[in-house]
Amino acid sequence: MSCCMETPVPNSSGKSQSNILFWLVNPSEETLEAGLSRELHEEVGVAVPVGVDDHMSSCVSSSCPRLITHFYIKKMTEAELKEIERAAVASATDHGLEVLGMVRVPLYFLKKGGGLPYFLSHSFISNSRAQLLSALRHCRLLSQGELKEAVRQAEQMRRTHSDDPR
């Protein structure tokens with residue numbers, strides 16, 4: 001099973017950002033939460049307790065019916081997130097092998113379409129983009145109007161750059 005966890009946190013400027021992690025779990029060997037905890041420890045070098053209450057949604061992939069994505073939300077302080085980022089570089093078993101670093105989802109808009117719209121204009125695996133948008137709405141990190149505008153701008157960017165040979 002493929003799983004996804006998002007961690008929304010405010011940054012030092014007061015704006016929110018989110019991190020996303022994907023991992024695979026064999027359900028006959030461990031629970032989803034045990035698999036996530038194991039993968040987090042391997043990939044970020046710190047034990048991060050994850051429980052059933054952190055689960056947000058599950059969805060069968062339309063492109064691969066055997067793939068079920070599970071989306072988890074783990075609320076953290078900025079200090080906790082920075083500690084995880086430090087540990088990922090210093091002590092994580094799989095850093096540089098399976099994981100090349102953490103990505104913070106920008107939860108802001110820039111005048112020329114940067115920030116969240118630009119992030120959303122990129123390709124996402126399976127239904128992870130929809131799960132991310134649902135989590136942002138659920139956590140009230142952005143309003144419904146802001147999310148709709150980010151998606152509108154992202155789609156416009158995709159159309160504009162679809163003919164771009166770069």
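C139 is buried, at a relative accessible area of 14%, where buried means under 20% relative accessible area, exposed over 50% and partly exposed in between (1.4 Å probe, protein chains only). The model is predicted, so that local features need pLDDT of at least 70 and side-chain atom pairs count only at pLDDT 80 or more, while totals for chains, interfaces and linings use all residues. Residues are numbered from 1 along each chain as its sequence is written, and side-chain values use heavy atoms, leaving out hydrogens and water.

**Cysteines**
- C59 counts as partly exposed, with 32% relative accessibility.
- The count of disulfides, taken as pairs of cysteine sulfur atoms within 2.5 Å, comes to zero.

**Helix α5**
- Helices (H or I, at least four residues) and strands (E, at least two) are DSSP runs, numbered from the N terminus.
- The buried residues of α5 are L147, A150, Q153, A154 and M157.
- Seen down the axis of α5, these buried residues fall within an arc of 130° (from the directions of the helix axis to the C-beta atoms), so they line one face of the helix.
- On the other side of α5, K148, R159 and T160 are exposed.
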